[in-house]
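Hi,

Here is the structure I promised to pass on to you. Please open it beside this note, and I'll go through what turned up.

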Amino acid sequence: MTTTEQTRSASGTGAGTGAAISVRGLRRTYGKGAAAFEAVRGVDLDVPTGTVTALLGTNGAGKTSTLEVVEGLGRASGGTVRVLGLDPIADRAAVRRRTGVLLQTSGFSGDLTVAETARLWHSTLSTPRPVDEALEMLDLGARAAVKVSALSGGERRRLDLACTLMGRPELVFLDEPTTGLDPESRREVWRLVRGLRAAGATVLLTTHYLEEAETLADRLEIMHGGRIVRSGTAGEIADGHPSTIAFDRLERALPQQLAGGVVDPASYGQPRTVVETVDLQATLTALLDWARDEKVRLEGLDARSASLEQVFLAIADSSTDDRRDAPTAPATPKGA
Ligand SMILES: Nc1ncnc2c1ncn2[C@@H]1O[C@H](COP(=O)(O)OP(=O)(O)OP(=O)(O)O)[C@@H](O)[C@H]1O
């Protein structure tokens, strides 16, 4: 059987029938009084049913703090969250039956074998796939008799995933699913995520791998400083950002028309000349025409369209994280 056949198709939650997750004005504050720190500062997020959404962000941006509230594992200080049309805390049992959660660390006991761990997990679920099948899906069949403490980091991550998918969830939360995996295992996880999506499941994942987000996700949400600062497809997000032309430093000045686009190369991590442009073809043509006329050789010439990586680095560099300085909003208990 394929992942597609195995994944429960939720009645009334097929692709295009609305948002599997809807978050409005989400706030989350840690601590109290002068020590209070507002990690999430008014997040709006919609995850359409049957799609994959990637939540990206710099370290400490607030991804896990957001995800925990949506998963029903943490309380919001303000705002509303609906998951499959339900409240993830008040309707925890109903939501849990229909969702699979992969945390950053699973906490499985190292003393149990892979099969024992999977069987234990199996016993907590209402309509799970068979243990053997779940282990085979993650290529762990041959490791069934091995103690969890003896598994490699990548094998442990695959065991976590096998348990997450065992309950045939229609909504799956994956917090950094491929961290610690080798490239081959990472691609295997990507294949599984695509299979889930093809079966009509909804996936919300966090990742630090931009390639992973670009490859897997229908939509990206980029967080910084507790807020979502960019949303859209990878193409939409990169579109508003300039393309770049880079080459080794020259002994002579560039013509005015090109010099205007020269930026600090350090922001691209390069000790070279970097020219930003919103019209790559026109600027590159002007540069090459000038180089030909002036008999200048442009060593190490490199021209590239805007990438998600550039946008991400620009967000991390330029926009400030003002959470530590700002007063926090009054904390309102969820459901109050
Ligand atoms: N229990 C807590 N008490 C106080 N501060 C916390 C707590 N949990 C998280 N934070 C802080 O909230 C901010 C957001 O943390 P969070 O883990 O949500 O970020 P993240 O985007 O998931 O980061 P990473 O990519 O590093 O995992 C960080 O500054 C973090 O130090």
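Lys295 is in the loop between α11 (280-294) and β13 (302-304); helices are DSSP runs of H or I with at least four residues, strands are runs of E with at least two, and both are numbered from the N terminus. Its phi is near 55 degrees, a positive value in a residue other than glycine. Lys295 counts as exposed because it has 6 C-beta neighbours inside 10 Å (20 or more other C-beta atoms within 10 Å make a residue buried, 12 or fewer exposed, and anything in between partly exposed, with C-beta atoms placed from the backbone).

Before going on, please keep in mind that this is a predicted model: local features need pLDDT of at least 70, side-chain atom pairs count only at pLDDT 80 or more, and totals for chains, interfaces and linings use all residues. Residues are numbered from 1 along each chain as its sequence is written.

Arg168 also has a positive phi, of about 50 degrees, although it is not a glycine. You'll find Arg168 in the loop between α6 (153-166) and β6 (171-175). Is Arg168 buried or exposed? Arg168 is buried, because 22 other C-beta atoms lie within 10 Å.

On to the core. The largest nonpolar core has 67 residues, and Ala54, Ala162 and Val203 touch the most other members. Such a core is a set of buried Ala, Val, Leu, Ile, Met, Phe, Trp, Tyr and Cys residues joined through C-beta atoms within 7 Å. The most to this core comes from α6, with six residues. Leaving aside residues up to four places away in sequence, Ala162 touches Ala118, Ala134, Leu135, Met137, Leu138 and Leu140 (contact means C-beta atoms, placed from the backbone, within 7 Å).

Next, the ligand. Among the residues surrounding it are Tyr30, Phe37, Asn59, Lys63, Thr64 and Ser65 (a residue is near a molecule if its C-beta atom, placed from the backbone, lies within 6 Å of it). The elements giving two or more residues to this shell are β2 (37-48) and α2 (63-70), and α2 has the largest share, three residues.

Finally, there is an open sheet of four strands in the order β11-β12-β10-β13, with antiparallel pairing; strands pair if DSSP finds at least two bridges between them. β11 (262-263) and β13 are the edge strands, each pairing on one side only. Two bridges join β11 to β12 (residues 273-277), and Val263 stands opposite Val274 in β12.

Best wishes

Notes
Two residues are in contact if their C-beta atoms, placed from the backbone, lie within 7 Å.
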